[in-house]
Amino acid sequence: MQGFIQRNPVWSLLIALVVAVLLWLVFAPWSDELEEVLGRKRVFLNAIFGGITLGALYFLVASGFTLIFGLMRNVNLAHGSLYLLGGYIGFEVSEWSGSWFLAFPVVFVIVAVVGLILQNQVFRRMEGEELRQTMVTIGLSVVIADLMLWRWGGQSYTIYAPDMLFGPMTLPVISSVRDSGEIVYLKYPAVRMAILFAAIVIGVGMWLVLNKTRLGMLIRAGVDDREMLAASGVRIQYVFLAVFAFGAGLAGMAGIVGGTFQSLSPGEDTRFLLASLVVVIVGGMGSIPGAAIGALIIGLSEQLGLVYAPTYSVVFTFLIMAAVLAFRPQGLLGERR
Amino acid sequence: MTETVPAGRLSSVSSGNALELRGVTKMFGALAAISDITLTVRSGERRAVLGSNGAGKTTLFNCVTGDFLPTGGTIRLFGEDVTRFPAYERIRRGLRRTYQISLLFNGLTVADNVYLACRGVSRGRFSFLRPRESDALIARADELIAAVHLQDWRDISVANLSYGQQRQLEIALALAGAPRLILFDEPAAGLSPTERSELIAILQGLPGHIGYIIIEHDMDVALRVAESVTMMHNGTIFKEGTPEEIENDQEVQELYLGDGHA
Amino acid sequence: MALAEPRKSAVQPTWVERIPAIWWALLLVLLTMPAWANDFILFQVMGWTFVLGMIALSLMFLAGYGGMVSLIQMSVAAMAGYMVAIFGASGVGDISMGLPWWLYIPIAIVIAAIFGTVVGALAVRTEGIYTIMITLAIASAFFYFTRQNYTIFNGYSGFNLVVPPQLFGVDWRQPMPFYYLTLGCAGLCYGAVVYVSRAPFGLALQGVRDNPRRMAALGFNVTAHRVASYTFASVIASIGGILLVWQNAQIAPGTAGIPAVIDILVIAVIGGITRPIGPFIGALIYVLLRTFSPDVLLAFGLSGERFKLLVGLGFLALVFFSPDGVLGLWERWRARRARRRDPLTGGEE
Ligand SMILES: Nc1ncnc2c1ncn2[C@@H]1O[C@H](COP(=O)(O)OP(=O)(O)OP(=O)(O)O)[C@@H](O)[C@H]1O
Ligand SMILES: [Mg+2]
């Protein structure tokens with residue numbers, strides 16, 4: 001961090017400035033002139049929070065993708081299919097049992113097992129053959145998508161959040177100030193806050209495991225130097241299996257989350273695969289903090305774009321990606337290749 | 001379409017220095033593969049670079065050709081500052097090199113490999129027209145193939161060549177066009193005695209205006225083809241001099257010749 | 001993944017190559033097809049095969065000769081199609097300009113080529129698998145953009161009534177003229193790729209594929225070469241795209257949706273990306289499956305919608321067992337047969 005500031009004083013200043021302006025816009029009450037230019041503060045706040053929550057969802061999906069890629073150089077273009085599969089199974093479980101919370105462990109286990117099979121039966125057979133992996137996983141995603149279409153049809157499903165998380169909660173952020181001087185605080189769906197909270201917990205947890213434990217050391221060693229790890233006698237295949245299963249399970253759970261605050265339908269698999277791609281391209285392949293930053297940026301730009309320039313919201317995402325590719329092809333936090 | 005270096009450039013060859021390095025440093029992380037190298041090679045000079053494994057010889061070459069950008073220092077090629085130039089710009093100015101570990105186009109034939117080398121330093125690199133039979137470059141490529149005795153393997157895919165033949169082909173690629181300074185990275189390693197003497201003949205037969213730097217572990221070869229010697233050690237230049245001076249130098253003998261190099 | 005196979009050296013330009021008999025037979029069959037095939041076969045099966053084959057050919061050129069698997073080719077084709085609709089005539093009078101064909105066709109190709117080149121310039125900054133991901137991401141951005149933008153791309157509905165010009169008094173959308181039109185264009189594109197593959201540009205591209213670092217050390221600007229190959233491939237793809245919009249008489253975002261983008265990859269891989277003929281073989285297989293598999297599936301008591309499953313499984317099986325596609329299967333089979341027949345001299349070629 002300090003190294004970065006020293007090496008890139010201009011960029012650090014710019015980033016700090018943007019963050020400061022955003023924070024000020026979020027917390028300060030808006031004057032009338034500002035509202036005239038930017039519209040209602042409530043709208044802005046909703047876009048910001050929507051963006052952060054969307055970013056949290058993207059992070060859940062993309063972190064598994066980037067973890068798997070970072071450790072094993074495995075390119076799993078069926079990652080989106082795992083997401084949608086998790087969502088559908090989560091829907092079934094929560095309908096059947098009536099418990100939203102129960103869906104999470106069940107889906108995690110099922111999708112993780114699917115991931116285990118993928119790693120053991122597909123990727124292990126073509127280690128290092130990136131192109132073949134890509135082809136095979138593309139083929140798999142086509143097949144899985146059609147199987148899911150067969151089973152669940154073309155309609156869209158929404159998973160209902162439990163009563164406990166139903167309805168809005170009030171945040172300590174000023175939404176507007178009435179003429180009477182009364183301060184109105186922002187109301188935001190509780191379930192989304194829960195998702196955000198969960199994503200942060202999972203993200204921090206992953207970071208801690210990666211950086212503070214022996215397992216994390218093994219995984220990071222694997223990222224940096226696979227031969228060394230293999231030579232040191234570690235059963236690297238088990239580490240691979242564990243990471244793949246975890247990443248897959250995470251994508252599956254993200255499916256429940258996505259099914260709760262958006263919806264599940266055919267095509268969502270490619271959408272989330274693409275979101276993961278963009279997130280890791282922007283953030284940097286194989287980097288968990290990179291995935292977090294990338295997800296946040298993409299989520300925010302999508303939501304802000306949707307509010308302020310609905311016709312061009314995709315263009316923003318694309319421009320961000322193009323700019324990153326042009327100036328930092330390895331991604332914001334990626335290692336130079 | 002056909003010829004390579006503008007005449008103006010050729011005339012400047014005889015004067016001045018081919019290569020001037022000033023304080024060139026290359027770091028790999030915390031490791032300084034070469035540090036603060038200052039070195040001058042005259043036009044047409046033939047120099048050997050000696051040094052134990054890991055001394056930084058190949059890294060030095062990589063910095064000169066632009067395969068890596070140096071961490072610090074300046075590189076002047078034929079009087080021009082090329083420190084920040086991409087590799088292809090330096091090659092187009094008359095620099096050539098061979099690689100210690102052969103870097104060839106395994107999917108292409110011998111003839112195509114050499115033809116590409118000739119094409120790379122001439123115009124028409126982007127030509128969409130197939131070369132005609134009378135194309136001067138094709139004739140030139142055939143000459144080079146004959147020079148390294150590969151004419152019988154002309155239409156064979158490079159992947160099917162023996163190790164020694166691939167080494168020979170490396171040299172042919174470096175001779176394409178109108179070279180003025182060639183960097184040979186251990187060209188004799190792994191060659192049979194016959195191939196070795198053929199290599200020496202090729203080097204000795206090069207026209208006088210073509211200079212070269214050769215990395216060579218085999219002292220006998222090095223001293224026969226070079227008029228000056230640079231000894232490297234731990235990423236720095238340790239000694240410079242004529243072959244005789246180096247051979248008789250006490251320190252060099254202790255450091256390099258003494259402990260029975262491979 | 002196997003790469004384009006080495007062939008005879010450039011050093012002996014093989015202008016009058018001895019063309020094997022099978023090629024003459026194929027040519028004869030193709031040229032006489034309208035005499036014995038029905039309109040459906042001509043227009044729907046063969047016309048579509050040639051069009052998809054051309055777009056997949058542009059991918060084959062980049063992947064087989066350049067080692068760059070670009071998923072942007074379908075988007076480039078669609079871009080050309082859109083430009084034809086925008087600069088030419090369509091059912092959307094507000095947007096279409098109605099320029100004459102000799103103006104809008106070159107405009108369409110140039111714009112699509114610029115688009116492909118810009119994407120290429122972004123994509124070549126990275127290598128290998130990253131190229132796939134980046135081009136896929138940009139392709140999807142193109143899809144969403146065309147769907148959202150109404151001022152240029154007319155959003156969700158796209159353009160209808162986009163038909164070829166009535167040149168020489170011929171209605172080029174009639175099955176027979178369209179068949180010959182697509183056959184001619186496909187033949188030209190195929191010939192161009194074969195020819196360029198042995199020209200300095202194509203040879204150098206194969207050099208870049210095999211060993212970019214060495215290419216730079218031979219004086220080649222590797223990046224420029226890669227970007228230029230995107231331009232060349234984009235021209236081929238855009239010809240395919242123009243024909244595609246004429247065949248369907250319409251273009252909409254879905255034309256370059258993610259499934260369509262993936263289909264082009266599937267076609268190229270099924271056929272084999274080592275040789276320019278591969279994409280056409282792949283396209284024929286794809287079109288046949290697509291056209292007739294619903295009937296077959298129904299016959300087995302399955303819904304015709306399971307077509308995707310069939311294609312996906314076939315694709316999976318192929319990449320699992322023969323990464324170089326049908327062409328690879330065929331070559332291995334021939335090699336084995338030749339070995340069996342004559343253990344000393346090997347193959348007959
Ligand atoms: N690409 C690289 N990344 C990291 N370290 C490198 C790289 N290339 C060289 N080195 C290191 O730099 C040092 C010098 O290497 P170099 O290849 O230049 O030695 P050399 O003198 O050519 O040795 P040799 O006689 O074995 O060819 C070595 O310690 C080597 O490990
Ligand atoms: Mg060396």
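Predicted model: local features only at pLDDT ≥ 70, side-chain atom pairs only at ≥ 80, totals over all residues.

Me: OK. Which pair of chains has the most contacts?
Reply: Chains B and C have the most contacts, among the 2 pairs of chains that touch.

Me: And how far apart are the closest C-alpha atoms of chain A and chain B?
Reply: They lie 12 Å apart, and no contact joins chain A and chain B.

Me: Start with C against B. How many residues are in contact there?
Reply: On the chain C side 36 residues are in contact, with 41 residues of chain B. Chain C and chain B bury about 3,500 Å² between them, and 63% of that is on carbon and sulfur atoms.

Me: How many salt bridges across that interface?
Reply: The rule finds 3 salt bridges between chain C and chain B. One salt bridge joins the side chains of Asp67(B) and Arg213(C), at 2.5 Å from N to O.

Me: How many polar contacts between those two chains?
Reply: The count is 10 residue pairs in polar contact between chain C and chain B, both residues at pLDDT 80 or more.

Me: Which elements of chain C give two or more residues to the side that touches chain B?
Reply: Those elements are helix H6 (175-197), helix H7 (200-210), helix H8 (212-216) and helix H9 (222-248) of chain C. The largest share comes from H7(C), with 8 residues. By class, the side of chain C that touches chain B divides into 20 nonpolar, 9 polar and 7 charged residues.

Me: Now C against A. How many residues are in contact?
Reply: Here 36 residues of chain C are in contact with 43 residues of chain A. The two chains bury about 3,700 Å² between them, 79% of it on carbon and sulfur atoms.

Me: Changing topic: how many disulfides over all chains?
Reply: The structure holds 0 disulfides.

Me: Is Cys189(C) buried or exposed?
Reply: Cys189(C) counts as buried, at 5% relative accessibility. Cys63(B) counts as buried too, at 1%.

Me: Back to H5 of chain C. Is Thr146(C) buried or exposed?
Reply: Thr146(C), which is found in helix H5 of chain C, is buried, with a relative accessible area of 0%.

Me: What lies 2.7 Å from a polar atom of its side chain?
Reply: The backbone oxygen of Phe143(C) lies at that distance from the side chain of Thr146(C). Not counting residues up to four places away in sequence, Thr146(C) touches Tyr82(C), Phe153(C), Gly155(C) and Pro253(C).

Me: Where is Ile270(C)?
Reply: Ile270(C) is in helix H10 of chain C, and counts as buried at 7% relative accessibility. Residues that Ile270(C) touches beyond four places in sequence include Phe315(C), Leu318(C) and Val326(C).

Me: Last one, where does Arg124(A) lie?
Reply: Arg124(A) lies in the loop between helix H6 (100-122) and helix H7 (130-152) of chain A. The relative accessible area of Arg124(A) is 41%, so this residue is partly exposed.

Me: What is Arg124(A) in contact with?
Reply: Leaving aside neighbours within four places in sequence, Arg124(A) is in contact with Gln119(A) and Gln237(A). Arg124(A) and Phe240(A) are 116 residues apart in sequence, with their C-alpha atoms 9.4 Å apart in space.

Notes. Residues numbered from 1 in each chain as written. Chains lettered and ligands numbered in written order. Heavy atoms only, no water. Contact = heavy atoms within 4.5 Å. Disulfide = S-S within 2.5 Å. Buried < 20%, exposed > 50% of the residue type's maximum accessible area, 1.4 Å probe, protein only. Buried area = accessible area lost by both parts, 1.4 Å probe. Salt bridge = Lys/Arg side-chain N within 4 Å of Asp/Glu carboxyl O. Polar contact = N/O pair within 3.5 Å; in protein donor to acceptor, adjacent residues only side chain to side chain. Helix = DSSP H or I, 4+ residues; strand = E, 2+ residues; numbered from the N terminus. Nonpolar A, V, L, I, M, F, W, Y, C, P; charged D, E, K, R; others polar.
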